[in-house]
Amino acid sequence: MKYFCAENMEVNKSSFLTLFIFQKLIMFFVDKPYISEFFKATIRDNAIPVVGTDIAQKMNLYSGTNIITEDQAIEIVKQLKNPPIYTTSQNSYHWISEHLHFSDISEQI
């Protein structure tokens with residue numbers, strides 16, 4: 001299968017997925033109590049952005065995982081007005097409600 005980016009340039013599958021994810025600007029919050037090895041490999045292998053919260057830094061994510069700073073996550077939400085956000089646990093709600101209070105995200109959860 002061939003993959004093409006917006007400029008109609010052929011790219012490999014990994015690059016395509018990365019471009020797709022960044023065009024959509026999705027992000028994951030990882031939190032306790034658990035994330036699987038499969039999940040860790042998937043976010044790393046597909047360069048899915050993970051917000052680098054204090055908890056995320058303690059979850060033993062694989063080297064090469066695409067960690068974005070908390071400030072970057074906040075800026076993405078400000079710029080895009082409620083981009084898709086995914087969490088591995090409801091425990092991330094506290095961070096979201098505290099840091100993204102200016103958006104509608106916490107009300108939508």
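Visitor: What makes the meeting of the K40 and E37 side chains a salt bridge?

Guide: A salt bridge needs a side-chain nitrogen of Lys or Arg within 4 Å of a carboxyl oxygen of Asp or Glu. For K40 and E37 the N to O distance is 3.3 Å, so the pair qualifies. Please keep in mind that this is a predicted model, where local features need pLDDT of at least 70, side-chain atom pairs count only at pLDDT 80 or more, and totals for chains, interfaces and linings use all residues. Residues are numbered from 1 along each chain as its sequence is written, and side-chain values use heavy atoms, with hydrogens and water left out.

Visitor: Where do K40 and E37 lie?

Guide: Both belong to helix α2 (residues 37-45), three residues apart, about one turn of the helix. Helices here are DSSP runs (H or I, at least four residues), strands are runs of E with at least two, and both are numbered from the N terminus.

Visitor: How many salt bridges does the structure hold?

Guide: There are two. D45 and R44 also meet in a salt bridge, at 2.8 Å from N to O. D45 is partly exposed at 42%, and R44 is partly exposed at 30%.

Visitor: How do you know that the buried residues of α3 line one face of the helix?

Guide: In α3 (residues 70-80), the residues A73, I74, I76 and V77 are buried. Seen down the helix axis, they fall within an arc of 160 degrees, so they line one face; the arc is that of the directions from the helix axis to the C-beta atoms. On the other side of α3, D71 and Q79 are exposed.

Visitor: What covers the buried residues of α3?

Guide: The cover includes β3 (27-29), β4 (50-51), β5 (67-68), β6 (85-87), α4 (93-99) and α5 (105-108). Contact here means heavy atoms within 4.5 Å.

Visitor: How many aromatic pairs does a search of the whole structure find?

Guide: The search finds three. One of them joins F28 and F39, with ring centres 5.2 Å apart and planes at 70 degrees, so the pair is edge-to-face. The rule is that rings of Phe, Tyr and Trp (its six-membered ring) pair if their centres lie within 6.5 Å; planes under 30 degrees apart count as stacked, over 60 as edge-to-face and the rest as tilted. F28 lies in strand β3 and F39 in helix α2, so the pair ties together parts 11 residues apart in sequence.

Visitor: Why is the pair of F29 and W95 called tilted?

Guide: Their ring centres are 4.9 Å apart and their planes stand at 45 degrees, so the pair is tilted. This pair links distant parts of the chain, with F29 in strand β3 and W95 in helix α4, 66 residues apart. F29 is buried at 2%, and W95 is buried at 11%.

Visitor: What makes K78 count as a charge over the ring of F102?

Guide: A charge sits over a ring if NZ of Lys or CZ of Arg is within 6 Å of the ring centre and within 35 degrees of the ring normal. K78 lies over the face of F102, at 5.6 Å from the ring centre.

Note on methods. Buried < 20%, exposed > 50% of the residue type's maximum accessible area, 1.4 Å probe, protein only.
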